[in-house]
Amino acid sequence: MSIIQVENVTKTYKSGKGIFDISFSVDQGEVFGYLGPNGAGKTTTIRQLMGFTNVDQGRCLIRGMDTRLQAEEIQKFVGYIPGEIAFFNNMTGKQFLDFISQMRKQAKSRTAELVTRFELDVKPKISKMSKGMKQKVALTAAFMHDPEIYILDEPTSGLDPLMQKTFIELILEEKKRGKTILMSSHSFEEVERTSDRAGVIREGRLVALEDVNSLKAAQRKAFIVTVVSSGEVELLQNSNLEISRITGNQVEIIISSNYDEFIRVLTKCSVKGLDVLNQNLEQAFMKYYGREAEKNE
Ligand SMILES: Nc1ncnc2c1ncn2[C@@H]1O[C@H](COP(=O)(O)OP(=O)(O)O)[C@@H](O)[C@H]1O
Ligand SMILES: [Mg+2]
């Protein structure tokens, strides 16, 4: 069953930028990665989804409720992290978290657990906090009422690598607990590690909707085989395997699904080394991104 539905949403800014006819849905218990370079339209989509402004066209539903009409009701079971966080800077972290809890009339609270987990010091005023600390406050606010649904706009931005890891672990735990999660990111790796499905947005348009596992399975892998003699290099060259590079006795071979054949050929050689080149989803998605992704890296 679809918990989050974005249906043909268009929102155009005066500049002509915006998002155009975006549709996707997120099922119960699913983690959906919303991937795109800076300026692609991720925040615009998520703000429409949260029902903050009127869309030009289309509609967004959460648990079947129109987010524009039932925003208040919906916020009770949604944990949201905005892309650009505007805080009440005069409050301390603790005051802010207490304020949000009261506003939600929150019955249960994981605040203490989250504060410990993110090593967050809630005593300073928010205006005195670093970007990373503010992000941790936002994460705590989004998770502390233990909501069923998370809508997270670039949740790891500003976090150091260790905290990014802590965050990803938390997401995977929440996923195990059956939560439904929509998370935007410009990091392929993050989506690869967390998401079941991914949508790619580019220049305001959804250019791909893919199952992350099948993307991974369809991925081509490069192996570097080190053999003993030039005769064996020749043997590899004369096989049906796809050779991408040869350096001395090292042969780089591209494998997609032909593992059987790869192993058959290898048994005819004295293999001294076998390495797999570290690849990730990025290569699989690259075709959707073109040059822009390279600029943003
Ligand atoms: N309030 C706004 N007014 C005018 N243009 C905007 C506004 N918000 C975003 N944009 C433009 O819309 C495009 C998409 O922005 P955004 O949704 O923030 O992208 P992302 O979150 O993927 O980085 C960008 O070109 C951005 O400059
Ligand atoms: Mg954004």
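Helix 3 covers residues 93-104. Its twelve residues, at 1.5 Å a residue, should span 16 Å, and the end C-alpha atoms are 17 Å apart, which agrees; the expected span is 1.5 Å times one less than the number of residues. Helices (H or I, at least four residues) and strands (E, at least two) are DSSP runs numbered from the N terminus. This is a predicted model, in which local features need pLDDT of at least 70, side-chain atom pairs count only at pLDDT 80 or more, and totals for chains, interfaces and linings use all residues. Residues are numbered from 1 along each chain as its sequence is written, chains are lettered from A and ligands numbered from 1 in the order in which they are written, and side-chain values use heavy atoms, with hydrogens and water left out.

**Helix 3**
- Gly93, Phe96, Leu97, Ile100 and Ser101 are buried, meaning under 20% relative accessible area, with exposed over 50% and partly exposed in between (1.4 Å probe, protein chains only).
- Seen down the axis of helix 3, its buried residues fall within an arc of 135°, so they line one face of the helix; the arc is that of the directions from the helix axis to the C-beta atoms.
- The buried residues of helix 3 pack against helix 4 (111-117) and helix 5 (131-143), where contact means heavy atoms within 4.5 Å.
- Exposed residues Gln102 and Met103 sit on the face turned away from the buried side of helix 3.

- Six strands form an open sheet in the order 6-7-8-3-9-10, with mixed pairing; two strands pair if DSSP finds at least two bridges between them.
- Strand 6 (78-81) and strand 10 (205-211) stand at the edges with a single partner strand each, so one side of each has no neighbour in the sheet.
- Strand 7 pairs with strand 8 (residues 180-185) in the parallel sense over four bridges, and isoleucine 149 stands opposite threonine 180 in strand 8.
- Helix 6 (residues 161-176) packs on the sheet, touching strand 3, strand 7 and strand 8, and its direction makes about 150° with that of strand 8; axes are lines fitted to C-alpha atoms, for helices over the stretch in contact, and angles run from 0 to 180 degrees between N-to-C directions.

**Confidence**
- The mean pLDDT (the predictor's confidence in each residue, from 0 to 100) of the protein chain is 90, and 93% of its residues reach 70 or more.
- Confidence is highest in strand 7 (residues 149-152), at a mean of 98, and lowest in helix 12 (residues 291-296), at 46.
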